[in-house]
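Subject: Structure handover

Hello,

Here is the structure for your files. Please keep it open while you read the notes under it.

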Amino acid sequence: RPHSRPRHSGVHTMIPLLLLLLPAAHGIAQLSYRPVLTTEPLLEGVTTASTFVVNQPRCIFEGYDNAVIWLVVALDQAASNFNNTAGPGTSETEFQGFPDRVRAYMTLNATLGSYPCPKADGEIAVLRVGSETSCAQDVTRPTCNGPLPVPGPYRVKFLALEGSVPVAETAWSTPITLRTAKPLSSISTAGSGHSADMIAITTILSILLAILLAGLVAMLFFWGSDSCGSSGSFSKPESVTVRRYNTHHVYDQPAA
Amino acid sequence: MAKSDDCVHILQGLLVFGNVVIGMCGIALTAECIYFVSNPHGLYPLLKATENSDINAAAWIGIFVGLALFALSILGIIGVIKASRTLLLVYIILMLITFAFEMASCITAAAHRDSLTPEHFQKQMLERYQKSEPANNSEVTKAWDELMLQNHCCGVKGPSDWQEYQSAFRLTHSDADYPWPRTCCVLDAQGLPVSLDGCKLGVPGYYNSNGCYDAISGPVNTHAWGVAWFGFAILCWIFCVLLGTMFYWSGIEY
């Protein structure tokens with residue numbers, strides 16, 4: 001008789017069951033949506049030195065009414081290593097450890113009700129990553145949406161969790177780099193040189209002043225002499241007096 | 001000689017007319033410079049901070065030159081009518097001195113218009129706005145706040161000034177809470193932002209997106225142009241009158 005291991009009668013049903021369960025265990029729906037920086041409307045602060053703004057995932061997670069949608073923010077290099085089963089608010093995903101100890105954190109949780117579909121016209125549906133400054137150092141708030149400490153680059157994705165089980169995720173975004181402030185010394189205040197205005201004014205006025213000074217010198221030099229103005233010499237109006245000269249030294253003879 | 005007398009009278013008439021015009025221009029120059037010195041747009045603290053207060057000095061010189069021109073024009077008229085050599089000599093010399101001062105004022109005003117670039121104001125604003133240490137920075141802060149409130153503008157080239165460069169403001173106000181100062185937000189009647197989130201995000205309509213450089217450079221350029229070119233025109237006229245006076249003087253019988 002061949003020795004064979006005794007087989008349980010239910011083994012034949014177990015294996016197909018196991019095969020059925022396996023896809024369900026790795027059954028995180030891969031949504032093709034990719035989070036993007038907001039371009040509509042054009043925001044001045046779409047990226048600042050410590051925040052950035054992405055669109056809300058409207059009409060993306062349809063059907064996942066019981067799920068909580070989290071935003072995962074990761075350093076660019078750590079994005080591919082992110083473990084979807086790492087729960088939010090644990091020491092591996094707390095914001096306060098980012099970026100030294102924690103390479104990716106989870107924040108901005110919301111239910112599907114916060115992202116109604118379709119988006120109303122004129123509504124600005126954005127998420128500002130980095131807007132909560134009050135809890136940035138508070139370890140009792142590990143899911144804090146704190147300001148980003150380094151310029152990046154970062155990648156983000158949305159992850160839907162039912163309880164603690166991830167059920168759907170979007171694709172990672174393209175790398176997002178924040179703005180860096182340049183030092184003040186980089187502002188060049190070197191003048192653009194002198195304009196034509198100033199050169200014209202200076203030249204013309206200098207010439208005029210020189211002519212006037214020359215005229216003054218000529219005037220004083222010819223003070224005494226009746227110069228070229230003699231043909232037009234004119235007398236003072238009120239001192240027109242006729243001088244009488246006693247040419248003959250006629251004196252009143254005293255009575256001799 | 002009748003013909004010579006006619007020439008004399010014409011020359012006297014021209015000189016008197018010339019001096020009257022100088023007198024009136026002197027008054028106008030004084031009035032214009034008093035207007036600029038009275039700081040109608042509140043820009044003087046900003047100009048002082050960029051070490052560009054020479055335009056103000058040019059205006060002050062303009063005030064005194066204008067008054068001197070008025071006084072000298074009266075002296076000139078008297079001297080021409082009386083045909084007095086001493087009076088006219090004094091007139092000519094004093095007028096030359098005034099000419100030199102006004103020339104300095106014009107050139108200063110024209111030269112300093114060139115150095116009013118946006119970068120100068122950016123640097124000064126980023127260095128001193130909301131910086132608390134030296135006490136005179138509060139003047140600069142107040143001037144910028146008033147400028148931004150009245151003209152509905154932000155920064156020199158725009159709110160991005162605060163993002164592109166480091167600043168004293170950034171040291172005391174975190175980037176996440178204050179990407180740019182609150183005065184850049186559209187404010188309601190109570191002086192509070194209409195929508196703080198809208199302002200922080202930079203949503204059009206909730207913040208002032210244009211820079212204040214136009215609001216600064218407009219008045220300052222007018223100021224500098226007024227002092228420089230009006231002064232230049234007056235000086236050209238004075239040149240002609242002085243030449244005529246010198247000619248007249250040399251023809252007066254000693």
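This is a predicted model: local features need pLDDT of at least 70, side-chain atom pairs count only at pLDDT 80 or more; totals for chains, interfaces and linings use all residues.

Residues are numbered from 1 along each chain as its sequence is written, chains are lettered from A and ligands numbered from 1 in the order in which they are written, and side-chain values use heavy atoms, with hydrogens and water left out.

Disulfides

Over all chains there are five disulfides (a disulfide is a pair of cysteine sulfur atoms within 2.5 Å).

In chain A, one of the links joins A:Cys135 to A:Cys144, S to S 1.9 Å. The torsion about their S-S bond is about 75°, so this disulfide is right-handed. Both A:Cys135 and A:Cys144 are buried (buried is under 20% relative accessible area, exposed over 50%, partly exposed in between, with a 1.4 Å probe and protein chains only).

In chain B, B:Cys154 is joined to B:Cys184, also with S to S 1.9 Å. Here the torsion is about 70°, so the link is right-handed. B:Cys154 sits in the loop between α6 (137–151) and α7 (160–164) of chain B, and B:Cys184 in the loop between α8 (168–172) and α9 (196–201), so the pair ties together parts 30 residues apart in sequence. Helices (H or I, at least four residues) and strands (E, at least two) are DSSP runs, numbered from the N terminus.

B:Cys185 and B:Cys199 form a disulfide with sulfur atoms 1.9 Å apart; at -80° about the S-S bond, this link is left-handed.

B:Cys33 is in no disulfide, and the nearest cysteine sulfur, that of B:Cys106, is 9.4 Å away. B:Cys33 has a relative accessible area of 0% and therefore counts as buried. B:Cys236 is also in no disulfide, with the nearest cysteine sulfur, that of B:Cys240, 7.3 Å away. At 26%, B:Cys236 is partly exposed.

Sheet

Five strands of chain A form an open, mixed sheet in the order β1-β7-β6-β3-β4 (two strands pair if DSSP finds at least two bridges between them). Its edge strands are β1 (29–30) and β4 (104–111). Strands β3 (residues 68–75) and β6 (residues 154–162) of chain A run antiparallel, joined by eight bridges.

Regards
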